[in-house]
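Hi everyone, thanks for making time this morning.

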Amino acid sequence: MDYFLTDNQKIIKRLAKKISDEVISKVASKYDWEGIFPKDILDLLAYTELTGVYIPKEYGGFGGGVLEMCLVVEELSRNCAGIAVSYAATALGAYPIMLYGTENQKKKYLTRIAKGEAIAAFALTEADAGSDVSNIKTVAEKQGDFYILNGNKHWITNGAEADIYVVFAVTDKSKGPRGISAFIVEKGYEGFYFGKKEDKMGIRASSTTELIFENCKVPKENLLGREGTGFIVAMKTFDRTRPGVAAMAVGIAQGAYEHALKYARERIQFGQPLTSFQAIQHMLADMYINIEAARSLLYSTCRMIDNGAKNYTKESSACKVFASDVAMKVTVDAVQIMGGNGYVKDYPVEKMMRDAKVTQIFEGANQIQRNIIASEIVKDL
Ligand SMILES: Cc1cc2nc3c(=O)[nH]c(=O)nc-3n(C[C@H](O)[C@H](O)[C@H](O)COP(=O)(O)OP(=O)(O)OC[C@H]3O[C@@H](n4cnc5c(N)ncnc54)[C@H](O)[C@@H]3O)c2cc1C
């Protein structure tokens, strides 16, 4: 399929593919198995300036949009979604600042993120507030020139590895979701610690860690947007970053499909390659159809966002749901096509199957995405 990318987008995709195929493919299995955070790969992405593709030029970026970010995530994910999510989570931490930051906040933080000098993270989820994010208990109390944060965040990607965190906390309990505010917290602030690092099924190269705030002092100028707008900051950020999860899913599915196709061409049974059996051909055809459909929906959604559409909530959720369900199905089928060899660590598809699962869970589980889409559809009537 020709997606008629611009010349710059083709260059970005080609560069990310080169890094993915020549560097990431060689370390993916080791980093996954040993849970090694890919700082060296992030440094390489910084060196090649891919860290700034989605950041405006005035803050040191390339000036691209969500599509440019997704092209990078997709290509990195073809070989390792764990490494890709370490890159994508910085975008998740950067977007709230891009959307709601003051000029000073943008200059101070985005320029460092664009150059790859700083890794970012986004901290919303808590032990009792996963799908039900408005139930967060972390509080921020204003005291003079500071907000004092108390509480714990769970499941934070880039956890202890990040430098800049966008953290959500309750500033007025009586107002429900309208009493939540967003703050920029830097590593090293007094009262900011790290807790448990999760031992995950997939995306094991990424670091997922608990954050602990004990009377953490955050300067008042680090409030993002206005007090009480935190829930909107989070939701508007997700509208722009859920395509990033879809890109991860498309990349994982593409990688698994390529491995399964190559294997099926080479593996001989009953005197013929597996590709001569129609049952296998149909699985490969369905993989191809589903991946192209997911990619088409993803790129269309990105173009809609980057061209200034006003509301793209349901499209953003739809591409995340569709692509992640495709990634799960395609990776399971890739394991099936490769038989016993699909099930062992000598080949990469078992890792891809484990990695695919999380795309149906994080940044809002797929059930929640379907709730969002349904509510938008009903509203439109
Ligand atoms: C590897 C990983 C990385 C993550 N990174 C981050 C991060 O960087 N920052 C961050 O803030 N969070 C992060 N998260 C958290 C993630 O967004 C949540 O795990 C996710 O939103 C689901 O929340 P939960 O795990 O608490 O599940 P729960 O909310 O307990 O849900 C459990 C199941 O019930 C379903 N369910 C819940 N409510 C409903 C409903 N009303 N209707 C139908 N079904 C429902 C869900 O869809 C899910 O299948 C990460 C999670 C993981 C696993």
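This is a predicted model: local features need pLDDT of at least 70, side-chain atom pairs count only at pLDDT 80 or more; totals for chains, interfaces and linings use all residues.

A side-chain N or O atom of Thr125 sits 2.7 Å from one of the ligand's nitrogen atoms. Trp155 contributes through its backbone: a polar atom there is 2.7 Å from a nitrogen atom of the ligand. On the oxygen side, a ligand oxygen atom is 3.5 Å from a backbone N or O atom of Glu363.

How much of the ligand does the protein bury? Taken alone, the ligand exposes 970 Å², and 66% of that is buried by the protein. The space the ligand takes up is the largest pocket.

Now, who lines up around the ligand? There are 20 residues surrounding it, and the closest are Thr125, Ser131, Trp155, Thr157 and Gln367. Two elements give two or more residues each to this shell: strand S3, spanning 146-157, and helix H11, spanning 366-380. For those of you thinking about residue classes, the shell has ten nonpolar residues, eight polar ones and two charged ones.

Let me zoom out to the domains, which come from an unreviewed UniProt entry. The record places an "Acyl-CoA dehydrogenase/oxidase N-terminal" domain at residues 6-117. In the model, that span is 72% helix and 0% strand, with its end C-alpha atoms 28 Å apart.

Next, the annotation "Acyl-CoA oxidase/dehydrogenase middle" covers residues 121-216. What is the make-up of residues 121-216? Here we have 0% helix and 51% strand, and the end C-alpha atoms lie 17 Å apart.

Finally, the UniProt record assigns residues 228-376 to "Acyl-CoA dehydrogenase/oxidase C-terminal". This stretch is 79% helix and 3% strand, and its end C-alpha atoms are 23 Å apart.

If you take one picture away, let it be the ligand in the largest pocket, with Thr125 and Trp155 each placing a polar atom 2.7 Å from a ligand nitrogen.

Conventions:
Residues are numbered from 1 along each chain as its sequence is written. Side-chain values use heavy atoms; hydrogens and water are left out. A residue is near a molecule or strand if one of its heavy atoms lies within 4 Å of it. A polar contact is a pair of N or O atoms within 3.5 Å; within protein, one must be able to donate a hydrogen and the other to accept it, and residues adjacent in sequence count only if both atoms are side-chain atoms. Accessible areas come from the Shrake-Rupley method with a 1.4 Å probe; for residues, only the protein chains shown count as cover. On a 1 Å grid over the protein atoms alone, a cavity is a set of points where a 1.4 Å probe fits but cannot get out, and a pocket is an open set with protein on both sides within 12 Å along at least five of seven lines; lining residues have an atom within 4 Å of a point. A molecule sits in a cavity or pocket if more than half of its atoms lie within 2 Å of its grid points. Helices (H or I, at least four residues) and strands (E, at least two) are DSSP runs, numbered from the N terminus. Ala, Val, Leu, Ile, Met, Phe, Trp, Tyr, Cys and Pro count as nonpolar, Asp, Glu, Lys and Arg as charged, and the others, Gly among them, as polar. UniProt positions are given in the numbering used here, feature names are shortened, and annotations may be inferred rather than shown by experiment.
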